[in-house]
Amino acid sequence: MSTIRLYPQDTVALATADLKKGQTVVVDGDSITLLDDIPNAHKIALKDFEVGEAIRKYDNTIGYASKPIKKGQWIHEHNEVTGLGKSKEYTYEFNPISIFPGTSDKTFMGYDRADGGAGIRNHLAIISTVFCANGPLRKLSRMAEAKYPATENFDGIIAFDQEFGCSQTGTDLVTTCKIIAGIAKNANFGGVLLVSNGCEMAIPSVLKEYMGDYDENRIKTLTLQEVEDEFEVGMQLIDEIMDAMKDDKRTPININRLHIAMNCGGSDGYSGITANTLLGTFCDTMVKEGAIMNMTEVPEMMGAEHILMNRAADEKVFQDIVDMMYAYDAYFARYGEKAADNPTQGNKAGGLTTLEEKSLGCIQKGGHCAVMEVLKYGDRATKNGFILISGPGNDLAGVSGQIAAGAVLTIFTTGRGTPCGFAGPTFRLASNTALATRKSNWIDYDAGRLLTAKTPEEVEALNKELYDAIMATVNGEYRTRTEENGYYIMGALKDGVTL
């Protein structure tokens, strides 16, 4: 098999290997002589196109011919352009096959938190509230790691630096505070020490407005300017937090309290048909069982947003999705930028040409689930099932928003490869076997095998294997590559002036 046509109505096929000019390929019984070299994961024209004619993939328009294209030619940015940039109006046409949250007796082994959260890890997090505190925080975290190594029911210390926290105002400051507060209250952290300098904009008294109720035995604050020896006082506070955590143990928890984030980065032409497709099936399964599955990357919904809108659970959710899309259009316009510029050089080298094509692959992560809720960036989830979170395509800012919303595991798909971890365990799928083999120290699951699955039974076996691997991660039986490497980071969307 050297090509794939995803839908009968598609007017392009995907090359599954590097193909040469003059080579003949067969697509659905039609013999096509290639007029160009076609790189692996790139598109082949299945018909002649006139200028301005729509090009279809995923049974949707992914762009338009910018010049005449002959059957058998390579389709990419030299002869295809985006159709984005025009204002749109939307109509709600609910898709009746959408999957709503179900119920299940299934459980996972997690940490039952007093505020209703359910963690899959039990870390003590040391979180800086401002960049000024980063140096002392790093030293304090090393002292704490030496005193408190990981045990069966304690997963160790994680230190999170802060890039901002000061010289911020307005919505920008609010966003930073919401992300810090949301991550501090994430159920994976049995205890948290917030390290403040004492004069920043996001001082502890301000953060408390966003924290809501919390256990003061488990979340404490060290203000550097107020103590003579920050390391002595800091270790005293850590001792107190560790004492509060000493009896934490995994217990069976119903799966309806499991919250998982889905994200992608470094996508390629295979992402939407292997990794994201397998993840979409996993998402369907988890929603049927009652879990919470969240997805963000609003710019990477553009061109595919109509599909999500027609899976909105009701008219209100539909309007929330519409408002989210319009808000991101306004965000780009405010800075004089175009959403269509989203695909990176790596995306394009991997076979993705337009944002529409990237988005149609991106949303495969949501399977066929009904959208139950739309959250603003930094807000916490209140509904079970599949939810959308307003957030950027940028991996760090986006995933941080998903974790602040309550997700305790991030499942991250990639075609080009990235080692990045976030503020919790990250389970990474490779869209192609070459990446999974080359970067086995980054990748937890080779989704590229879906390309060679020839029968429904083989596909089902891969789906079950992925489900079992993710649940082993949830239950603490498997540590992800990012955990083994110690790669953790948090961040927030920056949108405003620096004072």
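Reader: Leaving aside its neighbours within four places in sequence, which residues is N441 in contact with?

Author: Contact means that heavy atoms lie within 4.5 Å. With neighbours within four places in sequence left aside, N441 is in contact with R481 and N485. Do keep in mind that this is a predicted model, in which local features need pLDDT of at least 70, side-chain atom pairs count only at pLDDT 80 or more, and totals for chains, interfaces and linings use all residues. Residues are numbered from 1 along each chain as its sequence is written, and side-chain values use heavy atoms, with hydrogens and water left out.

Reader: Where is N441 found, and what is its relative accessible area?

Author: N441 sits in the loop between helix 11 (433-438) and strand 23 (445-446). Helices (H or I, at least four residues) and strands (E, at least two) are DSSP runs, numbered from the N terminus. The relative accessible area of N441 is 40%, so this residue is partly exposed.

Reader: Which residues of helix 10 are buried?

Author: Look at residues 395-404, which make up helix 10; eight of the ten are buried, so the helix is largely enclosed by the rest of the structure. The buried ones are A397, G398, V399, S400, G401, Q402, I403 and A404. Their cover includes helix 2 (170-184), along with strand 17 (259-264), strand 18 (292-295), strand 20 (385-389) and strand 21 (409-414).

Reader: How do I read the packing of helix 2 and helix 10?

Author: Two packed helices are described by the angle between their axes and the distance between the axes. Axes are lines fitted to C-alpha atoms, for helices over the stretch in contact, and angles run from 0 to 180 degrees between N-to-C directions. Here helix 2 and helix 10 pack at about 55 degrees, and their axes are 8 Å apart. They are therefore oblique to each other. The classes are roughly parallel under 35 degrees, roughly antiparallel over 145, roughly perpendicular from 65 to 115, and oblique for the rest. Helix 2 makes a left-handed crossing with helix 10; left-handed means that the near helix is turned anticlockwise from the far one by less than a right angle, and right-handed means clockwise. On the helix 2 side the contact uses K178, I179, G182 and I183, and on the helix 10 side S400, G401, I403 and A404.

Reader: What about helix 1 and helix 4, and at how many degrees do their axes cross?

Author: The axes of helix 1 (residues 134-147) and helix 4 (residues 230-245) come within 10 Å and cross at roughly 50 degrees. That makes these two helices oblique to each other as well. This crossing is right-handed. Helix 1 brings P136, K139, L140, M143, A144 and K147 to the contact, and helix 4 brings F231, G234, M235, I238 and D239.

Reader: Which residues of helix 5 meet helix 12?

Author: Those are L278, L279, T281, F282, T285, M286 and E289, and they meet L462, N463, L466, Y467, I470 and M471 of helix 12. Helix 5 (residues 275-289) and helix 12 (residues 456-474) pack at about 65 degrees, with axes 10 Å apart, in a right-handed crossing.

Reader: Now for strands: what is the sense of pairing between strand 18 and strand 20?

Author: Strands of a sheet pair through backbone hydrogen bonds, either parallel or antiparallel. Two strands count as paired if DSSP finds at least two bridges between them. Strand 18 and strand 20 are parallel, with four bridges, and N294 has I387 of strand 20 as its bridge partner. Strand 19 (residues 371-375) also runs parallel to strand 20, joined by four bridges, with L375 opposite I389. Five of the five residues of strand 20 are buried, so this strand is largely enclosed by the rest of the structure.

Technical notes: Buried < 20%, exposed > 50% of the residue type's maximum accessible area, 1.4 Å probe, protein only.
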